[in-house]
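Please open the structure in your viewer and keep the selection panel at hand. This tour tells you what to select next and what is there.

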Amino acid sequence: MMTPSQIRFFGTLESFIELFRGSEYSCHNEGSGECEKPPRSLKDPSKREREFLVTVYFFIIMDKSEHGNLVNTIQEVHDKLRKSLQISNDPNKVWDEHVREEEGLRNKYAKAMLKLATKVWDGKECRIDWSYKTCIDYFFCGGMERFLTREEKIRELESLSPSSRKKRIRELEVLKEKKIIGFSNTANHIKKQYLIKNEKLKLLDIGSCFNPFSKFPEFSCTAIDLTPATEDVLQCDFLHLKVQKTIDDESISKINFYEESFDVVVMSLVLEYLPASEQRAVFCFKAWQLLKQYGLCIIITPDSKSVHCNAPMIKSWKLALEKIGFKRVKYDKLTHLQCMAFAKVCRFSEVDITTCKSVADLLYIRQDFKSYVEDFPLTDDRSEEENQNICNQFLELPSGALFQI
């Protein structure tokens, strides 16, 4: 099937049909876009084939147009939040107004996200599959033991003198070459104590939109969202959620969460929705509170650039999460995504909910440095180049919610 860019190039329905007849256009003037018509010696498509091609043609054209409208809805909400923050310089005020006064806008956003996830991005490079495979490897296929063994070796090497460290590194390299390195006794013991056989992993999906992880039998899912798109997602303002220290039978409800009660916390394409870095820090700290020790926090952020372009930002995020009490277990740069998994290694954090600002500056995104306050209204049209850049970034993002909380 042709891509939208090919449709734009070939233009008409007749040209589209010619392509499927097996002929090629030879452009003799690339700059003007003029093309030489192919010979019409091939058999014309049958009526049934032509009807099929007409359907495909208009499906692609309409899909592209609808996709652009949905992307604009998402982008305008993000721009509005960041512009409001730059005007007021008060993150709490901006967020409270967004929650209290902009329900209609949030509902429009949620519907756009659901449609993008289930109709446009379905089948593309998938954050859900990456998260699932990462969890299965970590909890059931030796990932936790490998991580703990690695961390144990790092601590051992750091405690040695330079000469002793070199000697120990050579010993470890020899063992690796002979393929006789196994998991440490400590790692095996922790894993044995952590997970009861056949027990489902308790997963909290923050900014879930439509509860995509519920399809996996290995998870017992709790999906929350500021503006849910489906009924199986709980409405919750995670930024203002108070994490309970102990379970009180009298106060148990669907939206009461307790410290160290989840095996997995997912924040996939969520942190970018938040207009202020200190709000992102609060999200990360609460995720740390909710995870059991050695539980897994999955963070996914959109990035269509090369792996090196935003490397300083990813390194900064890693440092922030380590200050909170995490260690990175896995990192992958996919075509349009930065995918990270962190284990909760410390039960006591360097920060608390009142001092999250100490790591906030590390959790920046590039939009934080863009000026949204101009002499013209926010709703003014963007340039064609800006629209194209936005569409290119959204075009092949994976299934699932984006920036929704």
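This is a predicted model: local features need pLDDT of at least 70, side-chain atom pairs count only at pLDDT 80 or more; totals for chains, interfaces and linings use all residues.

Residues are numbered from 1 along each chain as its sequence is written, and side-chain values use heavy atoms, with hydrogens and water left out.

**Stop 1: the annotated site**

Select Gly207 and Asp225, where an unreviewed UniProt entry places the feature "binding site"; UniProt positions are given in the numbering used here, feature names are shortened, and annotations may be inferred rather than shown by experiment. The two positions are spread over 19 residues of sequence, yet they cluster in space, with a largest C-alpha distance of 4.5 Å. Gly207 is found in the loop between β3 (201-206) and β4 (219-225), whereas Asp225 belongs to strand β4; helices (H or I, at least four residues) and strands (E, at least two) are DSSP runs, numbered from the N terminus. Are these residues buried or exposed? Gly207 is buried, with a relative accessible area of 4%, and Asp225 is buried as well, at 0%, where buried means under 20% relative accessible area, exposed over 50%, and partly exposed in between (1.4 Å probe, protein chains only).

**Stop 2: salt bridges**

A salt bridge is a side-chain nitrogen of Lys or Arg within 4 Å of a carboxyl oxygen of Asp or Glu, and by this rule the count comes to 14. Select Lys80 and Glu102, whose side chains meet in a salt bridge at 2.5 Å, N to O. This pair links distant parts of the chain, since Lys80 is in helix α3 (residues 47-88) and Glu102 in the loop between α4 (91-101) and α5 (103-120), 22 residues apart. Lys80 is partly exposed, at 31% relative accessible area, while Glu102, at 16%, counts as buried.

Next, select Arg280 and Asp368, which form another salt bridge, at 2.9 Å from N to O. Here Arg280 sits in helix α10 (residues 277-290) and Asp368 in the loop between α12 (357-360) and α13 (384-395), and 88 residues separate them. Arg280 counts as buried at 0% relative accessibility, and Asp368 as partly exposed at 26%. To see a network of salt bridges, select Glu156, Arg168 and Glu171 together.

**Stop 3: aromatic rings**

A search of the whole structure finds 14 aromatic pairs; rings of Phe, Tyr and Trp (its six-membered ring) pair if their centres lie within 6.5 Å, and planes under 30 degrees apart count as stacked, over 60 as edge-to-face and the rest as tilted. Select Phe238 and Phe283, and ask why the pair is edge-to-face. The ring centres are 5.0 Å apart and the planes stand at 80°, so the pair is edge-to-face. Phe238 lies in the loop between β5 and β6 and Phe283 in helix α10, so the pair ties together parts that are 45 residues apart in sequence. Phe238 is buried at 3% relative accessibility, and Phe283 is buried at 0%. Then select Tyr132, Phe213, Phe216 and Phe219, which form one aromatic cluster.
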